[in-house]
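Please keep the sequence and the picture open beside them while you work through the points.

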Amino acid sequence: MTSTPLHFDGCTAVVTGAGQGLGRAYALLLADRGAQVVVNDIAPEAANQVVDEITAAGGTAIADHHTVTTPEGGVLLAEQAQDAFGAVHIVINNAGVNRATEFVNMTPETGRDLFDEMIAVHLLGPCHVLWPLWPAMVEQGYGRVVNVASGAIWGLRGQAAYAACKAGVMGLTRALAREGRYHGVQVNCVLPWAVTGPSPDRSDEEFGAIIATHMLSEKVAPAVVWLAHEDCPANGELFTVDGPRMARLAWIATQGHTDLDPTPESYRDHWDQVMDLADFTVPQSTNDHMRNTVMPAFTPPSP
């Protein structure tokens, strides 16, 4: 079966944290498929090198060195992109940093500093980039946003601050997708797994061969680039991208146990029902959860 190649001719893409690793892979593939790419990274030499790679291959790109951790940085990034290429069609919020620290080793002071740093780059970073670009996407009636979360949200030792912020990115994605769908702006989220540096709790003995062979940035990039394409129908979705494997993730709600006069004992005695995953719904929004999961629990069955 022959499929038509996906191209991005005439599209401008902003990729944050694109000087290395996953961001670099996204930028290179987008440029290879015809997009004009803004390679953002606070490491000037790294961003410039990626731009050189793209232009040497016949693509079009510029480097941007502003930080996404401040509102001013986001505005300056947006202005540089628009001055160079006009309209921005794609934003990949990839910039990030990871500092493994177990919660027990945090003090109120060091813990707050770590959380502030993680929030600034991972949770506020996408907002700083999108605040100046989102209105233009809405006005032009088109946009594709891919936010990058992390599999650390499943639970990873030493990653309390990082995982908390990445979970926040997932919630941000869902909210923006509900707003953007009225204006042709689609927002999705990926949880990529690729080896870009050391990570806690990774067992080379158990996963080593698979990680070294398959969990590579260039294997993750095609899934992210697909989500950035105009043909992709997804909106408000979450995907795990484990190297060359892409799978949909969902927040589900079990049927649970309803007791109109609840006591702690009633939940204890029906705990299996609360936890039963055999029958569940996949809410698409808060209202959808109320409509399809909560309300039926209070509605008497038809005679």
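1. Val104 counts as exposed because its relative accessibility is 69%, where exposed means over 50% relative accessible area, buried means under 20% and partly exposed lies in between, computed with a 1.4 Å probe on protein chains only. Val104 is placed in the loop between E4 and H4, and its C-alpha atom is separated by 9.2 Å from that of Gly158, although the two residues are 54 residues apart along the chain.

2. Before going further, please note that this is a predicted model, in which local features need pLDDT of at least 70 and side-chain atom pairs count only at pLDDT 80 or more, while totals for chains, interfaces and linings use all residues. Residues are numbered from 1 along each chain as its sequence is written, and side-chain values use heavy atoms, with hydrogens and water left out. The labels H and E stand for DSSP runs numbered from the N terminus, namely helices (H or I, at least four residues) and strands (E, at least two).

3. How many strands form the open sheet, and in what order? There are eight, in the order E3-E2-E1-E4-E5-E6-E7-E8, and their pairing is mixed, where two strands pair if DSSP finds at least two bridges between them. Strand E3 (60-64) and strand E8 (245-249) stand at the edges with a single partner strand each, so one side of each has no neighbour in the sheet. On average, and with direction ignored, neighbouring strands of this sheet are turned by 20° against each other; such angles run from 0 to 180 degrees between N-to-C directions, and the axes are lines fitted to C-alpha atoms, for helices over the stretch in contact.

4. Strand E4 (residues 90-93) can be followed through its pairings on the way from E1 to E5. E1 and E4 run parallel and are joined by three bridges, with Val15 standing opposite Ile92 in E4. E4 and E5 also run parallel, joined by four bridges; here Ile90 stands opposite Arg144 in E5, and Asn93 has Asn147 in E5 as its bridge partner.

5. In a regular strand the side chains alternate between the two faces of the sheet.

6. Is strand E6 (residues 185-193) largely enclosed or largely open? Eight of its nine residues are buried, so E6 is largely enclosed by the rest of the structure. E6 pairs in the parallel sense with strand E5 (residues 143-148) over six bridges, and Asn188 in E6 is the bridge partner of Val146.

7. Helix H5 (residues 160-180) lies across E5, E6 and strand E7 (238-242), and runs at about 160° to E6. Thr173 is found in this helix, H5, and it counts as buried because its relative accessibility is 0%. Leaving aside neighbours within four places in sequence, Thr173 is in contact (heavy atoms within 4.5 Å) with Asn147, Val187, Asn188, Cys189 and Glu237. Gly171 also lies in H5, but at 31% relative accessibility Gly171 counts as partly exposed.

8. Helix H3 (residues 71-85) and helix H4 (residues 108-140) pack with their axes 6 Å apart and at an angle of about 45°. They are therefore oblique to each other, given that angles under 35 degrees count as roughly parallel, over 145 as roughly antiparallel, 65 to 115 as roughly perpendicular and the rest as oblique. Among the residues that meet are Pro71, Val75 and Leu77 in H3 and His128, Val129 and Leu133 in H4. By class, this contact of H3 with H4 has eight nonpolar, three polar and no charged residues, where Ala, Val, Leu, Ile, Met, Phe, Trp, Tyr, Cys and Pro count as nonpolar, Asp, Glu, Lys and Arg as charged, and the others, Gly among them, as polar.

9. Helix H1 (residues 21-32) lies across strand E1 (12-15), strand E2 (36-40), E4 and E6, running at about 170° to E1. The axes of H1 and helix H7 (residues 217-227) come within 8 Å and cross at roughly 55°, which makes H1 oblique to H7. By class, the contact of H1 with H7 has 10 nonpolar, two polar and one charged residues.
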